[in-house]
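Please consider the structure shown below. The account that follows leads through its surface, its helices and its charged pairs.

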Amino acid sequence: LSNPEFLAEGTAVDDLMKPNRVLIGGESDESGKRALATVVEGYSQWVPRERILTTSTWSSELSKLAANAFLAQRISSINAFSAVCEATGADVDEISRAVGTDTRVGSKFLRASVGFGGSCF
């Protein structure tokens, strides 16, 4: 089984109690399916079933890595634009607001800062 966590520093307990999704990966043989169903049942005690995603083990593990890579790229991109703003006189907060209102992008993690860290990065 694979059950990667998607907890953010500072909000870990809230993220656990009210996750936007739970990802569980398992094997496709009978014992894998039973194990997957058992973990799904456990999470179903407090997480709505539509927020519990099931995949293969490898898809689960790679989804965690992909989510971290997308997040790191997002933070790195706004930080790069911050440097361009400093050179041009543009305002990175205005750029962030303008880009963040695009529904394809969204506004989360578009704050320029000194960098990012944590165990996942």
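**A guided reading of the model**

Phe-109 counts as partly exposed, because its relative accessibility is 48%. The model is a predicted one, and Phe-109 has a positive phi of about 60 degrees although it is not a glycine. This residue is placed in the segment after H4.

Helix H4 itself spans residues 92–100, and within it Val-92, Ser-96 and Gly-100 are buried. Viewed down the axis of H4, these buried residues fall within an arc of 65 degrees, so they line one face of the helix. They pack against helix H3, which covers residues 57–88. The face of H4 turned away from this buried side carries Arg-97 and Ala-98, both of them exposed. At the start of H4, a side-chain oxygen of Asp-91 comes to within 2.8 Å of the backbone nitrogen of Asp-93.

Ser-82 belongs to helix H3. With a relative accessible area of 16%, Ser-82 is buried, because the limit for that class is under 20%. If neighbours within four places in sequence are left aside, Ser-82 is in contact with Val-92 and Ala-112. Val-92 is also among the buried residues of H4.

The charged side chains come next. A search of the whole structure finds three salt bridges. In one of them, Glu-5 pairs with Lys-64, and the closest N and O atoms are 3.7 Å apart. This pair links distant parts of the chain, since Glu-5 is in the segment before H1 and Lys-64 is in helix H3, 59 residues apart. Glu-5 is partly exposed at a relative accessible area of 36%, whereas Lys-64 counts as buried at 12% relative accessibility.

Another salt bridge joins the side chains of Lys-18 and Asp-14, at 3.2 Å from N to O. Here Lys-18 is exposed, with a relative accessible area of 60%, while Asp-14 is partly exposed, with 43%. Asp-102 and Arg-104 also form a salt bridge, with the closest N and O atoms 2.6 Å apart. Asp-102 counts as partly exposed at 22% relative accessibility, and Arg-104 counts as exposed at 74%.

The surface also has a nonpolar feature. Leu-7, Val-13, Leu-16, Met-17 and Trp-46 form a nonpolar patch there, with about 480 Å² of accessible area together. One of these residues, Met-17, lies in helix H1, which covers residues 12–17. Met-17 counts as partly exposed, because its relative accessibility is 46%.

Technical notes
Residues numbered from 1 in each chain as written. Predicted model: local features only at pLDDT ≥ 70, side-chain atom pairs only at ≥ 80, totals over all residues. Heavy atoms only, no water. Patch = residues over 30% accessible without salt bridge, like charges linked within 9 Å, V, L, I, M, F, W, Y side chains within 5 Å. Areas by Shrake-Rupley, 256 points an atom, 1.4 Å probe, with all protein chains shown as cover. Salt bridge = Lys/Arg side-chain N within 4 Å of Asp/Glu carboxyl O. Helix = DSSP H or I, 4+ residues; strand = E, 2+ residues; numbered from the N terminus. Buried < 20%, exposed > 50% of the residue type's maximum accessible area, 1.4 Å probe, protein only. Arc of directions from axis to C-beta. Contact = heavy atoms within 4.5 Å. Polar contact = N/O pair within 3.5 Å; in protein donor to acceptor, adjacent residues only side chain to side chain.
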